[in-house]
Amino acid sequence: MRFRRQESSLVVDAPAKLNLFLAVRGRRSDGYHDLETVMVSIGLFDTLRFTPAPDGVLQLSSRSLLPSAQNLPDSEANLVLRAARLLMETTQPRAGATIELTKRIPIASGLAGGSTDAAATLHGLNTLWRTGLSREDLHQLAASLGSDVNFFLDSSPLAVCTGRGEIINPQPLRGPLDFVVVRPETGLSTAQVFAALDPKQSAQRPQSDDLLHALKHGRLNHVASCMHNDLQRVAVGLNPSVARALAALSRGRTFGRMMTGSGSACYGLCVSRRHARSLESQLKAEFGGRAWAVRTTV
C-alpha cells in the first residue's frame with residue numbers, strides 16, 4: 001500500500017494481487033479450505049481517500065474507472081464499511097470518517113479488489129484516527145474480514161500464504177516481474193468455483209518450493225514452468241472465456257500464463273515491461289479495454 005497526505009485527508013493506493021501458485025489442501029471444519037498460495041502484489045491500484053468526520057459518522061462514496069463502467073457490487077462496498085465499522089467498534093475513536101473509493105481493479109476477477117480495499121481501510125483509519133493498534137492487532141481484525149486481507153496489510157511484494165490465506169510468510173523476490181493481465185467479459189463467483197472443485201482432480205499437484213527458488217534467483221523460464229492453480233480447470237468449465245483469455249496470452253508469447261485466484265482474470269509472465277505494454281495494447285483491442293500491463297510492487 002502507498003500512503004500520502006492531501007490536506008486533512010489520508011489517501012491510500014491499494015494494490016491488486018496475482019496468485020502464482022494456488023493449491024487447495026483440503027476442506028476445513030469451518031467451511032473454508034486450507035490453501036497454500038504464492039501471491040505477488042502488482043501495480044494495479046484502487047484508491048481510497050479518508051477524511052475526518054464527526055464522531056460516529058461513516059460514509060462511503062465510490063466511482064468506477066473500469067472499462068465498460070462496471071458498477072461496484074454491494075459486497076465490495078460492504079467490505080470497506082465492514083472494515084471501518086470493525087475498527088470503530090474495536091477502538092471506540094472519538095471521530096468518524098468519509099471514505100471515497102475509486103475502483104480500477106476489476107471485480108469478480110481473482111485480483112482481490114475487495115480484500116485490498118478492506119486492508120487499506122484498516123490501515124488508513126488506524127492512522128487517521130490514531131488508534132494505535134499494532135500490526136498484530138490489525139492482522140487479527142483482517143482475518144475476520146476475508147482470506148486475502150492479511151496479505152495486503154504486510155505490503156509484501158511476494159509471500160506464501162497458508163491456512164485459509166491469512167497466515168503470511170514474506171519471501172525474497174529478485175527484481176521486479178512484469179505481467180499482462182486480461183479480464184474476460186464475464187467474472188466468476190469464488191463460492192461457485194470452490195463448490196465445483198473435485199479434490200481428486202488436484203491430488204497430483206506440484207509444490208511451491210521450486211517456484212520460490214526460481215523467484216529468488218530470477219529465473220523466468222523456471223518461474224513459468226512452476227506456476228500452478230488448482231482452480232483453473234474448474235473455472236474453465238464454468239466460464240469458457242477463461243480459456244479464451246489464456247489462449248490470447250499464449251499467442252502473445254508470454255513465458256507462462258495462468259488464471260489468478262478463482263478467476264476470471266488471467267495473466268501472462270512477460271520478458272520485460274516493453275513486452276507487457278506491447279501485449280496490453282493488443283489485448284485491449286480484443287477484450288474491450290480489459291487488459292493491463294503491470295509490475296510487481298507494494
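Are Phe-179 and Tyr-267 buried or exposed? Both Phe-179 and Tyr-267 are buried, where buried stands for a relative accessible area under 20%, exposed for one over 50%, and partly exposed for the range in between, computed with a 1.4 Å probe on protein chains only. The model is a predicted one, in which local features need pLDDT of at least 70 and side-chain atom pairs count only at pLDDT 80 or more, while totals for chains, interfaces and linings use all residues. Residues are numbered from 1 along each chain as its sequence is written, and side-chain values use heavy atoms, with hydrogens and water left out.

## Aromatic and charged contacts

Rings of Phe, Tyr and Trp (for Trp the six-membered ring) are paired if their centres lie within 6.5 Å, and the planes count as stacked when under 30 degrees apart, as edge-to-face when over 60, and as tilted for the rest.

| Pair | Centre to centre | Angle between planes | Class |
|---|---|---|---|
| Phe-151 and Phe-152 | 5.2 Å | 70 degrees | edge-to-face |
| Phe-179 and Tyr-267 | 5.6 Å | 85 degrees | edge-to-face |

The pair of Phe-179 and Tyr-267 links distant parts of the chain, since Phe-179 belongs to strand S8 (residues 178-182) and Tyr-267 to strand S11 (residues 266-270), 88 residues apart. Helices (H or I, at least four residues) and strands (E, at least two) are DSSP runs numbered from the N terminus. Phe-151 and Phe-152 are both buried as well.

A further contact involves a charge: the charged end of Arg-244 sits over the ring of Phe-287, 4.5 Å from the ring centre, a description that requires NZ of Lys or CZ of Arg to be within 6 Å of the ring centre and within 35 degrees of the ring normal.

## Cysteines

With a disulfide taken as a pair of cysteine sulfur atoms within 2.5 Å, the count is zero. Cys-161 has its closest cysteine sulfur in Cys-226, 18 Å away, which is too far for a bond; Cys-161 is also buried, at a relative accessible area of 0%. Cys-266 is likewise in no disulfide, the nearest cysteine sulfur being that of Cys-270 at 14 Å, and Cys-266 counts as buried because its relative accessibility is 0%.

## Cavity and pocket

Grid points are joined across faces, edges and corners, and a volume is the space filled by probe spheres set on the points.

One cavity of 30 Å³ or more is present, and the largest cavity holds about 40 Å³ of space. Its lining consists of Met-1, Pro-15, Ser-41, Phe-151, Phe-152, Ser-155, Ser-156 and Val-298, which divide into five nonpolar, three polar and no charged residues. In this classification Ala, Val, Leu, Ile, Met, Phe, Trp, Tyr, Cys and Pro are nonpolar, Asp, Glu, Lys and Arg are charged, and the others, Gly among them, are polar.

The largest pocket contains about 1100 Å³ of space, and of the 42 residues that line the largest pocket, Ser-115, Ser-147, Asp-148, Thr-190 and Ser-262 are the closest to its centre. Strand S2 (9-27), strand S3 (33-53), helix H1 (74-91), helix H2 (113-128) and helix H5 (190-195) each contribute at least two residues to this lining, with H1 giving the most, five residues. By class, the pocket lining has 18 nonpolar, 18 polar and six charged residues.

## Backbone features

Most residues other than glycine have a negative phi, and most peptide bonds are trans. Arg-130 has a positive phi, near 55 degrees; Arg-130 lies in the loop between H2 and helix H3 (135-143) and is exposed, at 75% relative accessible area. Ser-155, one of the residues lining the largest cavity, also has a positive phi, near 50 degrees, and is found in the loop between helix H4 (149-153) and strand S6 (158-162), where Ser-155 counts as partly exposed at 25% relative accessibility.

Key
1 Å grid on protein atoms, 1.4 Å probe; cavity = no way out; pocket = protein on both sides within 12 Å on 5 of 7 lines; lining within 4 Å.
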